[in-house]
Amino acid sequence: MRAAGDAPKVVSVDALRPDPEAIEQARLVLAGGGLVAFPTETVYGLGARGLHSADVERIFVAKGRPTGHPLILHVDGEAMASDLCAFWNERASLLARKFWPGPLTLVVPRAACVPDAVTGGLDSVGLRAPKHPVALALIRALGEPLAAPSANAHMHVSPTTAAHVVRSLGTNVALVLDAGACAHGIESTVVDLVGPEPRVLRAGATSLEALRSVLPDLVYEPLAESDATAVRRSPGLALRHYAPRTRVVLAARGPNLAEALRDLPTEGRFGAIVWSAEAHAGLQHAGPTLSFLTVLPSDAVAYAHDLFAALHNADAAGLDALIIESVPDAPAWWAVRDRLRRAAHAED
Ligand code: TXA
Ligand code: MG
């Protein structure tokens, strides 16, 4: 039994050729009902045996996440997935064949074997075959799906490194498999295949353009500020879901970013995350001295890769407010725009 206050055990594992001994250590923890944080190509997940209710319930305790919030079951491919749903329809098959293994979660009607603890009592279940060799090796070693949300405390930014996991969950996870930084750095795209039309529930690492090349009728409506219906459909859509602890102010793009600085109080520790050269230049000439500044790449995929790490660093810097430069209103930026809007949404 681990005593409260213990640090988790962190085991390094090669990202491309996972060491079988490390995978076996993790499998043993899971087989004993424990929790293992593991890398995926999107963010780190906090895993438990997906068909064991008591194990799955430990995830909610560890994260401080309210029950009734559905978890994704991670599978090793279509065969395992089809055993977990009531019917595996043509759309599911098309998407799985094109995008699995990869950063796409499919919400499908659940099979009876899926515990309520996983689905939050919904009639559907979210399934994803991750591409990361460590995640796949762990699922295969376990021989059953791995229930896993992102490995962060509830309502906080998803972890993209093992160090983020340890900082966020510390004493609440037994073992962390450390394979370095995640390739995408932003969560999977979640697509609902249960409703009358296929619909994106969460923008993510698989682009809308790529998905529409397979399902031209796929609906994506960026969440309205108070879309209670959407939140009921996928509780992860709650506006504050991806927020850093630091207060975030979403500012104009480019040279006008500096205006946001003028609105800050005269006293305090402030930081900024920018991406455009104009905004960066504007910061040098305006407002209070910043205690924290990160310049992220101007390419949407590279920006997404680095965003959560920047938010974790901003939290660690103990700021009173963090100014974030808005990003372009273009399809390539869809997942980033979604995360920034949530990060900036003030807590009620
Ligand atoms: O990339 C990812 O998806 C990561 C890695 C670890 O796989 N996982 C992740 O899990 O982000 P989590 O629990 O933080 O977010 C899962 C999202 C939530 O928005 C949840 O509401 C939605 O998927 N979801 C899961 N099952 C669902 C279901 N049956 N119906 C509707 N939404 C569902
Ligand atoms: Mg999450």
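A residue counts as buried when its relative accessible area is under 20%. Asp338, at 6% relative accessibility, is therefore buried. The structure is a predicted model. The points below cover an open sheet of four strands, the strand β5 and its partners, the salt bridges, of which there are 14, and two backbone features, at Pro101 and Met155.

**The four-stranded sheet**

- The strands of this open sheet follow the order β11-β14-β12-β13, and their pairing is parallel.
- Strands β11 (248-251) and β13 (292-295) form the edges, each pairing on one side only.
- From one strand to the next, the twist averages 15°.
- Four bridges hold the parallel pair made of β12 (residues 270-274) and β14 (residues 321-325). Within this pair, Gly271 lies opposite Leu322 of β14.
- Helix α11 (residues 277-285) packs on the sheet and touches β12, β13 and β14. The direction of α11 makes about 155° with that of β12.
- Helix α13 (residues 334-344) also packs on the sheet, where its contacts are with β11 and β14. The angle between the directions of α13 and β11 is about 130°.

**Strand β5 and its partners**

- Strand β5 is mostly covered, with six of its six residues buried.
- With strand β9 (residues 189-192), β5 runs parallel and is joined by four bridges. Thr105 has Val190 in β9 as its bridge partner.
- With strand β6 (residues 124-128), β5 runs antiparallel, again over four bridges. Here Val108 stands opposite Val125 of β6.

- Arg140 and Asp76 form a salt bridge in which the closest N and O atoms are 3.7 Å apart. The two residues are 64 residues apart: Arg140 belongs to helix α6 (residues 133-142), and Asp76 to the loop between β4 (72-74) and α3 (78-82).
- Arg140 is exposed, with a relative accessible area of 52%, whereas Asp76 is partly exposed at 28%.
- Arg91 and Asp217 meet through their side chains in a salt bridge of 3.0 Å, N to O. This pair spans 126 residues, from Arg91 in helix α4 to Asp217 in the loop between α8 (208-212) and α9 (228-233).
- Both partners are partly exposed, Arg91 with a relative accessible area of 27% and Asp217 with one of 39%.

**A salt bridge between buried residues**

- The side chains of Arg339 and Asp338 meet in a salt bridge at 2.6 Å, N to O.
- Arg339 has a relative accessibility of 1% and so counts as buried. Asp338 is buried as well, at 6%.
- Arg339 and Asp338 belong to a network of salt bridges that also links Glu187 and Arg342.

**Backbone features**

- Most residues other than glycine have a negative phi, and most peptide bonds are trans.
- The peptide bond from Trp100 to Pro101 is cis, with omega near -10°. Pro101 sits in the loop between α4 (90-99) and β5 (104-109).
- Met155, a residue other than glycine, has a positive phi, near 75°. Its place is the loop between β7 (146-147) and α7 (162-169), and Met155 is partly exposed, with a relative accessible area of 24%.

Notes. Residues are numbered from 1 along each chain as its sequence is written. Chains are lettered from A and ligands numbered from 1 in the order in which they are written. This is a predicted model: local features need pLDDT of at least 70, side-chain atom pairs count only at pLDDT 80 or more; totals for chains, interfaces and linings use all residues. Side-chain values use heavy atoms; hydrogens and water are left out. Buried means under 20% relative accessible area, exposed over 50%, partly exposed in between (1.4 Å probe, protein chains only). Two strands pair if DSSP finds at least two bridges between them. Axes are lines fitted to C-alpha atoms, for helices over the stretch in contact, and angles run from 0 to 180 degrees between N-to-C directions. Contact means heavy atoms within 4.5 Å. A salt bridge is a side-chain nitrogen of Lys or Arg within 4 Å of a carboxyl oxygen of Asp or Glu.
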